[in-house]
Amino acid sequence: MQAVPEKPTTEELIACPQCDALYRVPSVPDGARLRCSRCHALLLAPRAGAVEAIVSLASGALALMVASIAFPFLHLGVAGLSAEASVIDTIRSYAVVSGLMAPLSVLLAALIVVLPAMRLGGLIYALGPLVAGRDPPRFATPVFRLAMNLRPWAMTEVFMIGVAVALVKIAALATVSFGPSFWTFIAVVLLVGAKDTMVCEKSLWRVLTRP
Ligand SMILES: [Zn+2]
């Protein structure tokens, strides 16, 4: 499916993200992919049931994340001594190792837990009522914009990769085993990844701002 350039006369305008060509697009059926006729960049790719899938995946990820914060993330054993650490303990110990304890702990907690949770909560707030067949809530537009803009700052998956690298180094010095919270965080990363594949931001904007 290809778009044909038209004069910008209505509010249903879409600019090509690559070549800035403007298109007036009244509606695109679910499952269709709308491309720029000039540079073939993808303009819109609405999916059937995307809003429902995004809200349910985000709800699952947020519930797992909140539930797993207090549970043990790792067990460490060295010479008969053993210790357990939760996600918050792990964040704090990252900061201790780096020598900048308090400010770095706050920053790490924000990037790994707080901002990802805010993104998920924002999506649920803005899109949840649509699943129930109601209008978007009052602050849906700014909240959805914030959730989209926070994406580069939500680094749960980066943290999990960091933990994996650290464990490879520690494995020679101590016996390491994973607590329940480690596996729930893996599940959170997978659910968030699945949710992101359902997000076509421009299509969601059209759904949210539909009169
Ligand atoms: Zn283009």
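Visitor: Which domains is the protein divided into?

Guide: Domain 1 covers 1-46 and domain 2 covers 51-208; the bounds come from an automatic or database domain assignment. This is a predicted model, where local features need pLDDT of at least 70 and side-chain atom pairs count only at pLDDT 80 or more, while totals for chains, interfaces and linings use all residues. Residues are numbered from 1 along each chain as its sequence is written, and side-chain values use heavy atoms, with hydrogens and water left out.

Visitor: What separates the centres of the two domains?

Guide: The centres of domain 1 and domain 2, taken over C-alpha atoms, are 33 Å apart.

Visitor: And how many residues are in contact?

Guide: Eleven residues of domain 1 contact four residues of domain 2, where contact means heavy atoms within 4.5 Å.

Visitor: What area is buried there?

Guide: About 500 Å², with carbon and sulfur atoms giving 52% of it. Buried area is the accessible area (1.4 Å probe) that two parts lose on being put together, summed over both. On the domain 1 side, I14, L44 and A45 supply 53% of what that domain buries against domain 2, more than any other three residues.

Visitor: How many salt bridges between the domains?

Guide: Zero between domain 1 and domain 2. A salt bridge here is a side-chain nitrogen of Lys or Arg within 4 Å of a carboxyl oxygen of Asp or Glu.

Visitor: How many turn up in the whole structure, then?

Guide: Two salt bridges. One of them joins R151 and D196, whose closest N and O atoms are 3.5 Å apart. R151 lies in the loop between α4 (140-149) and α5 (156-170) and D196 in helix α6, so the pair ties together parts 45 residues apart in sequence. Helices (H or I, at least four residues) and strands (E, at least two) are DSSP runs, numbered from the N terminus.

Visitor: New topic. How many aromatic pairs are there?

Guide: Seven. Rings of Phe, Tyr and Trp (its six-membered ring) pair if their centres lie within 6.5 Å; planes under 30 degrees apart count as stacked, over 60 as edge-to-face and the rest as tilted. F73 and F185 form an edge-to-face pair, 6.2 Å centre to centre with 90° between the planes.

Visitor: Where do F73 and F185 lie?

Guide: F73 is in strand β5 (residues 72-78) and F185 in helix α6 (residues 180-198), so this pair ties together parts that are 112 residues apart in sequence.

Visitor: What does T184 touch?

Guide: T184, also found in helix α6, touches L64 and S68, not counting residues up to four places away in sequence. The C-alpha atoms of T184 and L64 are separated by 6.2 Å, though the two residues are 120 apart along the chain.
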